[in-house]
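Please consider the sequence and the three-dimensional structure shown below.

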Amino acid sequence: MGLSTSTKPFQERVEEGIQDSFMRKAVAKSQDDQWVKREASREKLGNWEEWREVGEQIRQHTLENLDYYLEEFSKNVVKNGGTVFFAQTEKEATDYVKTVVEQKQAKKIVKSKSMVTTEIDLDKLLLELDGVSVMETDLAEFILQMDDWDEPSHIVFPDIHKNREQIRKVFEEKLGYDGDNEPVHMARFARKVLREFFLEADIGITGCNFAVANNGMVNLVTNEGNADLCESIPDTQIVLMGMERIVPTMQDAEIMDNLLSRSAVGQSLTSYITFSGPKQAAEADGPEDFHVVILDNNRSNALGGEFQSVLQCIRCGSCLNVCPIYRTIGGHGYGSIYPGPIGAVLSPVLGGYEQFGELPYASSLCGACTETCPVKIPLHELLIAHRRVMTDELKMKHGFENQQMKFIAKATGSPFMFQQALKFAHAGVKVFGVKQDYAIENMYQFGGFVTGGVGMIKGWTSVRDLPRPPKAKDNFRNWYKKHEQGGKSK
């Protein structure tokens with residue numbers, strides 16, 4: 001899968017999302033439910049804005065001193081008995097993992113949910129190795145794997161686009177499940193399948209929510225405990241982490257865990273908060289062989305520049321849960337494993353504008369993502385910055401869309417042309433199709449709303465209402481001329 005999840009053009013992905021009524025209803029319900037849980041959890045914590053300030057300070061401080069903390073973390077992992085490998089590229093990371101698997105002659109590998117392993121398409125590499133089987137152990141990722149490695153559609157809830165009957169059919173066809181579609185029954189069935197695989201696994205592969213620099217421990221935050229089994233049962237554990245996923249101390253990790261849990265799932269703390277490393281002499285379980293792969297994969301492109309703040313992200317998915325664009329097109333519309341506002345900013349940094357240049361334009365710039373971000377990433381400002389880079393610096397936007405914008409700028413900048421537009425707008429838009437009736441009283445009383453159009457007009461009217469402009473005699477400017485300030489009629 002890798003960073004990109006689709007080869008389809010952006011507009012085709014968007015249209016598929018708009019036409020998927022079940023997905024849109026599921027996303028809307030999830031967003032609404034998460035809003036209630038998230039806000040209640042944040043309010044219970046108290047002084048939420050102060051927590052955000054501290055979270056932002058921790059992440060900014062870490063990024064500004066990233067080389068120091070990465071070196072400190074690396075030394076402490078080695079001191080604890082582990083091994084650290086710095087991978088500049090996706091291939092270097094996958095080659096290292098492949099080497100460990102081959103050296104261990106591993107046959108069964110269990111994985112906990114990890115955006116980084118998906119980013120580098122690790123599953124595909126492992127499945128190509130002779131005699132090696134891989135199992136995703138997060139329940140949602142397990143469902144996607146059983147469904148022929150279906151694409152994830154959310155950072156935290158990757159199977160949000162599926163309903164219970166679809167999942168039941170997947171279990172029936174791929175695993176021989178003969179029960180009903182009750183979530184509890186299906187979860188128990190999945191638990192039985194997964195538990196047998198856990199007990200036979202040779203290697204456990206996990207991600208990393210936060211790496212603690214001053215003691216070399218890896219902080220994992222999960223809801224199901226599957227990551228704990230991935231790290232405690234197999235003799236070998238491989239941790240893959242983006243190089244930015246680091247905090248200076250345990251105290252900082254505690255703050256970040258509070259921010260993450262409340263922002264991701266609306267809980268005071270998720271079910272399992274774990275700090276782990278190589279097995280120590282007095283411990284009964286844990287990996288004898290412990291590897292940490294620290295991945296760059298173009299993250300360094302953002303360091304020291306205007307996009308550095310995107311690396312503050314803690315992968316909570318909160319921005320997806322408030323985004324009107326994500327609500328409309330779903331996760332698959334973005335064509336990246338990082339959907340939503342954070343994906344629209346991060347994907348062009350990691351994968352380039354040629355592949356992901358449409359995503360910064362997939363935004364209303366309402367600012368809800370920035371408002372909810374627990375570490376105060378200015379997401380809507382970064383989206384604007386991407387647009388500026390593509391338009392002004394890279395000269396990428398010079399097609400029909402650019403010509404439309406030039407025409408609009410010229411028309412609105414000319415008093416004569418602007419007055420003519422006001423004069424003929426009411427009659428002119430009729431050629432695009434006008435719906436006359438509307439259910440809301442006094443809404444669009446000047447002749448309904450536009451239902452068609454070309455270019456940017458069509459892009460708007462396909463998903464929103466565009467009121468038909470009033471006749472020139474009824475517009476605001478003429479109304480204002482007939483009234484004195486203060487509302488008195490002449």
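The paragraphs that follow treat the chain as a whole, then its domains and cores, its sheets and its aromatic residues.

The model is a predicted one. Its chain contains 21 helices and 13 strands, and the C-alpha trace spans about 90 × 55 × 45 Å along its principal axes. Of the 490 residues, 49% count as buried. Contacts between residues at least 6 apart in sequence may be sorted by their separation along the chain: 73% of them join residues at least 24 apart.

The domain assignment divides the chain into domain 1 (55-297), domain 2 (308-393) and domain 3 (415-484). Between the C-alpha centres of domain 1 and domain 2 there is a distance of 24 Å. These two domains meet through 29 residues of domain 1 that are in contact with 22 residues of domain 2.

In soluble globular proteins, nonpolar side chains tend to be buried together. In this model the largest nonpolar core has 59 residues, and the members that touch the most others are Met-256, Phe-307, Ile-314 and Ile-342. At least three residues of this core come from domain 1 (55-297), and at least three from domain 2 (308-393). A second, separate core has 22 residues, among them Leu-125, Ile-203, Ile-205 and Leu-295.

Which residues does Ile-342 touch, when those up to four places away in sequence are not counted? They are Ile-155, Val-310, Cys-313, Cys-319, Leu-320 and Leu-379. Is Ile-155 buried or exposed? Ile-155 counts as buried because its relative accessible area is 2%, and the limit for a buried residue is under 20%. With neighbours within four places in sequence left aside, the contacts of Ile-155 are Lys-113, Met-115, Arg-315, Leu-320, Pro-339 and Ile-342. Ile-155 and Gly-176 are 21 residues apart along the chain, and their C-alpha atoms are separated by 29 Å.

The strands are considered next. Strands of a sheet pair through backbone hydrogen bonds, either parallel or antiparallel. Strand β2 (residues 108-111) pairs in the parallel sense with strand β3 (residues 133-136), over four bridges. Within this pairing, Val-110 has Met-135 of β3 as its bridge partner. Strand β2 also pairs in the parallel sense with strand β4 (residues 203-206), here over three bridges. Ile-109 has Ile-203 of β4 as its bridge partner, and Ile-203 is also included in the second core.

Another group of strands forms an open sheet of four, in the order β8-β5-β6-β9 and with mixed pairing. Its edge strands, β8 (246-247) and β9 (272-276), each pair on one side only. Strand β6 (residues 217-222) pairs with β9 in the antiparallel sense over five bridges. The partner of Asn-219 in β9 is Phe-275.

A search of the whole structure finds nine aromatic pairs. One of them is formed by Tyr-68 and Tyr-69, whose rings lie edge-to-face, 5.1 Å centre to centre and with 80° between the planes. Tyr-68 counts as exposed because its relative accessibility is 51%, a value over 50%. Tyr-69 counts as buried because its relative accessibility is 10%, which is under 20%.

Phe-476 and Trp-479 form a stacked aromatic pair, 5.8 Å centre to centre and with 25° between the planes. Both residues lie in helix α21 (residues 476-481), three residues apart, or about one turn of the helix. Phe-476 is exposed, with a relative accessible area of 57%, and Trp-479 is partly exposed, at 43%. Elsewhere, one aromatic cluster is formed by Phe-142, Phe-171, Tyr-177 and Phe-189.

Lys-108 is positioned over the face of Phe-197, at 4.9 Å from the ring centre. The charged end of Arg-245 sits over the ring of Phe-210, 5.7 Å from the centre of that ring.

Terms used. Residues numbered from 1 in each chain as written. Predicted model: local features only at pLDDT ≥ 70, side-chain atom pairs only at ≥ 80, totals over all residues. Heavy atoms only, no water. Core = buried A, V, L, I, M, F, W, Y, C linked by side-chain atoms within 4.5 Å. Buried < 20%, exposed > 50% of the residue type's maximum accessible area, 1.4 Å probe, protein only. Domains from an automatic or database assignment. Contact = heavy atoms within 4.5 Å. Phe/Tyr/Trp six-rings, centres within 6.5 Å; stacked < 30°, edge-to-face > 60°. Helix = DSSP H or I, 4+ residues; strand = E, 2+ residues; numbered from the N terminus. Lys NZ or Arg CZ within 6 Å of the ring centre and 35° of its normal. Pairing = 2+ DSSP bridges.
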